Amino acid sequence: MRFGKKTAFAALMAASALVMAGCAGGGDIIEEGGTDGGGSNDGEMYIALVSKGFQHQFWQAVKKGAEQKAEELGVKITFEGPAAETEIAQQLEMLTTAIDKNPDAIAYAALDPEACVAPLEQAKSKDIPVVYFDAPCNGDVGLSLSATDGKVAGALAAEHMAELIGGEGEVAIVGHSQINSTGVERRDGFVEKIEADYPNIEIVDIQYGDGDHLKSADIAKAMIAAYPDLKGIYGTNEGSAIGVVNAVGELGLEKGKLTIVGFDSGSAQLEAIKNGTMAGAITQDPIGIGEQVVQAAYDAANGDAVEEFYDTGSYWYDATNMEDPDIAAVLYE
């Protein structure tokens, strides 16, 4: 299934497998690692969310949004993910365990879009509706994706990088993944925008640090050494961007000498922007992603129509607009 923008998609499910009962009243949030058996034995709708991770503030914000929507809808959820976004096997084990609990719906964010195909076919065979958030799995099992349009967001980062460096010079990218869709789309959106509109800017290097700030810092330091005329580095997620910030600090570079454009927010990036180390970043709406995916799972479980893609938006922020109410609402510590 290809997840395009705002394509109406009728999630018509077998009614006998999807009728839910007892969906009114207060929600019941199960913390990650909970031992609840799930399913609908207690008559309450149960939605299992398997995330790409827990280590970044981004995922904590997604979890918060999911919990808020679950409370509003009166459904029970679990929200869990591996310790690191490189732990594909652990995430697949969580997915398999979630399927075994026979939830009323599964919400999944794919670390590896191919490795999840077989487990989700098992969910399909059990008539468990599947929706995605942040990054989809390949195949045709998923009904809906709630996420940021990564290519639009990457292009927005490119526009601001180009403006900040005066429309010319060398830049590099520290990516967080060349497998999952968020890493690929944020990279490609940036690259395609630079190549299309800024002929005097050259992207001299693209490397991947798995979203780990230590690994990303080492990559950034190597780039700075290899390209002494480098004007800017774009970090495609929270860990990548903080790695670049840390590299600049460890090398003792003057703040602002290297233009750093990041992605996501989190306390470290917010502080780096405030103190002038980072020029700005693209923020998503992770709380909105969490809210939307639970709504989509709820609708799919009830046999209602869901859209193929819910774009929850992307926004540029820097020291000049961080306090604006519309921007402050999508920043998270």
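The following conversation concerns a predicted model of a single chain.

Trainee: What does the secondary structure of the chain come to?

Mentor: In this predicted model, the chain contains 11 helices and 15 strands.

Trainee: And how many of the residues count as buried?

Mentor: Of the 333 residues, 57% count as buried. The chain exposes about 13100 Å², and carbon and sulfur atoms supply 48% of that area.

Trainee: What share of the contacts joins residues at least 24 apart in sequence?

Mentor: The share is 75%, taken among contacts between residues at least 6 apart in sequence.

Trainee: Let us turn to the sheet. In what order do the 6 strands run?

Mentor: The order is β9-β8-β10-β11-β12-β15, in an open sheet with mixed pairing.

Trainee: Which strands stand at the edges?

Mentor: The edges are β9, residues 201-208, and β15, residues 315-318. Each has a single partner strand, so one side of each lacks a neighbour in the sheet. From one strand to the next, the twist averages 20°.

Trainee: In which sense do β8 and β9 pair?

Mentor: Strand β8, residues 169-175, pairs with β9 in the parallel sense, over 7 bridges. Within that pair, Val-174 of the chain stands opposite Gln-207 in β9.

Trainee: Where do Glu-67 and Lys-63 lie?

Mentor: Both are in helix α2, residues 57-73, and they are 4 residues apart, about one turn of the helix. Lys-63 is buried, with a relative accessible area of 8%.

Trainee: Which residue forms a salt bridge with Lys-69?

Mentor: The partner is Glu-72, and the closest N and O atoms are 3.3 Å apart. Lys-69 and Glu-72 are 3 residues apart in helix α2, so about one helical turn separates them.

Trainee: Are Lys-69 and Glu-72 buried or exposed?

Mentor: Lys-69 has a relative accessibility of 13% and therefore counts as buried, the cut-off being under 20%. Glu-72, at 58%, is exposed, because exposed means over 50%.

Trainee: What about Lys-215: which residue is the partner there?

Mentor: Lys-215 forms a salt bridge with Asp-210, and the closest N and O atoms are 2.8 Å apart. Lys-215 counts as partly exposed at 39% relative accessibility, and Asp-210 counts as partly exposed at 31%.

Trainee: Which residues do salt bridges with shared partners join into one network?

Mentor: That network consists of Glu-159, Lys-193 and Asp-197.

Trainee: Leaving aside neighbours within four places in sequence, what is Gln-292 in contact with?

Mentor: Gln-292 is in contact with Ser-146, Tyr-310 and Thr-312. Gln-292 and Tyr-310 are 18 residues apart in sequence, and their C-alpha atoms are 7.7 Å apart in space.

How values were computed
Residues are numbered from 1 along each chain as its sequence is written. This is a predicted model: local features need pLDDT of at least 70, side-chain atom pairs count only at pLDDT 80 or more; totals for chains, interfaces and linings use all residues. Side-chain values use heavy atoms; hydrogens and water are left out. Two strands pair if DSSP finds at least two bridges between them. Helices (H or I, at least four residues) and strands (E, at least two) are DSSP runs, numbered from the N terminus. Axes are lines fitted to C-alpha atoms, for helices over the stretch in contact, and angles run from 0 to 180 degrees between N-to-C directions. Buried means under 20% relative accessible area, exposed over 50%, partly exposed in between (1.4 Å probe, protein chains only). A salt bridge is a side-chain nitrogen of Lys or Arg within 4 Å of a carboxyl oxygen of Asp or Glu. Contact means heavy atoms within 4.5 Å. Accessible areas come from the Shrake-Rupley method with a 1.4 Å probe; for residues, only the protein chains shown count as cover.
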